[in-house]
Amino acid sequence: MAQLLFLAVLIGGGWYLYRRFISDAQKLAHRRRQAEREQQTGAMGTLEKDPATGEYRVRKSDEE
């Protein structure tokens, strides 16, 4: 029974790490595509609208 629990934990942990790796890879690919688009257009950054104030500001790289 202990072996079965160990195997279940091992498989669950492996699945969690796999899903986390995939989501991180997708985020990096999205950032790379966005940086390529900004470079092609000559943009200095991406603007986003603040819903509270209605003002536009440059999106920080850690906000995705």
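Student: What share of the residues in the chain is buried?
Tutor: In this predicted model, buried residues make up 5% of the 64 residues. The cut-off for that label is under 20% relative accessible area.

Student: Why is Arg 59 called partly exposed?
Tutor: Arg 59 has a relative accessible area of 25%. Buried needs under 20% and exposed needs over 50%. The value of 25% falls in between, so Arg 59 is partly exposed.

Student: Where does Arg 59 lie?
Tutor: Arg 59 sits in the segment after β2 (56–58).

Student: How does the radius of gyration of the chain compare with that of a compact globule of 64 residues?
Tutor: The chain has 20 Å, whereas a compact globule of 64 residues would have a radius near 11 Å. The C-alpha atoms fill a box of roughly 60 × 30 × 10 Å along the principal axes.

Student: Where in the chain is confidence lowest, and where highest?
Tutor: Strand β1 (residues 47–49) is lowest, at a mean of 85. Helix α1 (residues 2–41) is highest, at 94. The chain averages a pLDDT of 89, and 94% of the residues score at least 70.

Note on methods: Residues are numbered from 1 along each chain as its sequence is written. This is a predicted model: local features need pLDDT of at least 70, side-chain atom pairs count only at pLDDT 80 or more; totals for chains, interfaces and linings use all residues. Side-chain values use heavy atoms; hydrogens and water are left out. pLDDT is the predictor's confidence in each residue, from 0 to 100. Helices (H or I, at least four residues) and strands (E, at least two) are DSSP runs, numbered from the N terminus. The radius of gyration is taken over C-alpha atoms; the globule rule is 2.2 Å times the number of residues to the power 0.38. Buried means under 20% relative accessible area, exposed over 50%, partly exposed in between (1.4 Å probe, protein chains only).
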